[in-house]
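Colleague: I'm new to this one and would like to learn how to read it. Could you walk me through some features, giving the general idea and then the case here?

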Amino acid sequence: MLIFLFLAVLLLGYSNGSNDTYKGTATLWGSGSLAYRPTLILALACTFAGSVCSFFFAAELVKNFSGKGLVPDDITRSADFVLAVALAAGATILLATRFGFPISTTHSITGALVGAGLVAVGAAVNFGKLGKLFFLPLLLIPVIAVVASTVIYYVFTRVRSAIGIAQLSGVYTNGGFTPDTPAQQHHNVIQSPAMQYSGRLLGMDFQWLLDKLHFISAGVLSFAKGLNDTPKLVSLLLLCNFLNIQQSTLILAFVIALGGIINGKRIARTLSYKITPMNHGQGFTANLVSSILMITATAMGLPAAITHISVGSIYGVSLVNKTASNKEISKIAMSWVLTLPIAGVLSALLYFIIHLINY
């Protein structure tokens, strides 16, 4: 059973990498700043660094996502319970990845914890803790991301105009897009207004400075993603008693990276192209807001979802420019609504079956 549990948590880590790895650097590909492969390399390197550092900074998240306090301790320490949670959350994320929907690992694990918990202990599930530590942050943070990015981007555009930085419009074809077939290329190559800037700030060319800030912000967001996500998986892997916390963190960092390499391109296309066209300034603003929210949530031990934060920030910027694809946002929002019940039902069924077989 412990071997199955170990493999199930690795599957969850792989699925997390498939759906989440690219979210920190999506604006770089979407703005035409980098081609897909170097963007992915940057995402992998920074996420891996964040995963390793999570051992030192994210102890509270490890405790929260063990299920401690949500259901009785003897249940959270049982292999049956954790196996059901890991399998259900992993399957939910892989299903969403298959259809290109960026969903939250945090949401998936939360739904799975509740589903298995209800079967295991019924009304003994601590719904008070569930609302305070899980549902409330997951509902509020994407709203905060939309509002913050909308306000900050609006202020940035006004300040830029006030200091004499001119915006030069044109058209670009994103040369970084590499479709699989000519038919996909014809359908997917993005042509949108390119916005370059003319002027100087602090003695430096503004466009050059903005480019560098955009790259840095993408790296910081990917780092923050690894910092916040890895402890959620470590908490499950520790119950196998195969590895200590350092070894568990390291192996999950590798598995998350593998998921991003093999299975991350569908999510990359959704985030980079389908929500809104963007340039360096818009991408930098979205990443700046997302990074601040992710790092703050990690420091507070809150289960923030990079999916909700990054999508919310990109959407907020697009509201200022009136370039948002509301149809795509509606589809993504629906996938978020379905994540919890799907993970919960799968986890409940799996726990019932596993528990029945064992006893």
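Colleague: Let's start with handedness: is the crossing of α1 and α11 left-handed or right-handed?

Modeller: A crossing is left-handed if the near helix is turned anticlockwise from the far one by less than a right angle, and right-handed if clockwise. For α1 and α11 the crossing is right-handed. Their axes come within 6 Å and cross at roughly 50°, which makes α1 oblique to α11. Helix α11 covers residues 245-263, and helices here are DSSP runs (H or I, at least four residues), numbered from the N terminus. Keep in mind that this is a predicted model, where local features need pLDDT of at least 70 and side-chain atom pairs count only at pLDDT 80 or more, while totals for chains, interfaces and linings use all residues. Residues are numbered from 1 along each chain as its sequence is written, and side-chain values use heavy atoms, with hydrogens and water left out.

Colleague: What are those axes and angles, and how do α1 and α6 cross?

Modeller: Axes are lines fitted to C-alpha atoms, for helices over the stretch in contact, and angles run from 0 to 180 degrees between N-to-C directions. Under 35 degrees counts as roughly parallel, over 145 as roughly antiparallel, 65 to 115 as roughly perpendicular, and the rest as oblique. Helix α1 (residues 2-20) and helix α6 (residues 79-98) have axes that come within 8 Å and cross at roughly 25°, so α1 and α6 are roughly parallel to each other. The crossing of α1 and α6 is left-handed.

Colleague: How many salt bridges does the structure hold?

Modeller: A salt bridge is a side-chain nitrogen of Lys or Arg within 4 Å of a carboxyl oxygen of Asp or Glu. The structure holds two. Lys 23 pairs with Asp 20, with the closest N and O atoms 2.4 Å apart. In the other, Lys 331 pairs with Glu 328 at 3.6 Å between the closest N and O atoms. Lys 331 and Glu 328 both sit in helix α15, three residues apart, about one turn of the helix.

Colleague: Which of those residues are buried?

Modeller: Buried means under 20% relative accessible area, exposed over 50%, and partly exposed in between (1.4 Å probe, protein chains only). Both Lys 23 and Asp 20 are buried. Glu 328 has a relative accessible area of 9%, so Glu 328 is buried too, whereas Lys 331 is partly exposed at 38%.

Colleague: Where is Lys 322, and what is its phi?

Modeller: Most residues other than glycine have a negative phi. Lys 322 has a positive phi of about 60° although it is not a glycine. Lys 322 lies in the loop between α14 (306-321) and α15 (326-358), and Lys 322 counts as exposed because its relative accessibility is 76%.

Colleague: Which residues make the nonpolar surface patch?

Modeller: Patches are made of residues with over 30% relative accessible area and no salt bridge, with like charges joined within 9 Å and nonpolar side chains (Val, Leu, Ile, Met, Phe, Trp, Tyr) within 5 Å. Areas come from the Shrake-Rupley method with a 1.4 Å probe, and for residues only the protein chains shown count as cover. Val 143, Val 147, Val 151, Tyr 154, Val 155, Phe 156, Val 159 and Ile 163 make a nonpolar patch of about 670 Å². Phe 156 is found in helix α8 (residues 127-162) and is partly exposed at 34%.

How values were computed
Helix = DSSP H or I, 4+ residues; strand = E, 2+ residues; numbered from the N terminus.
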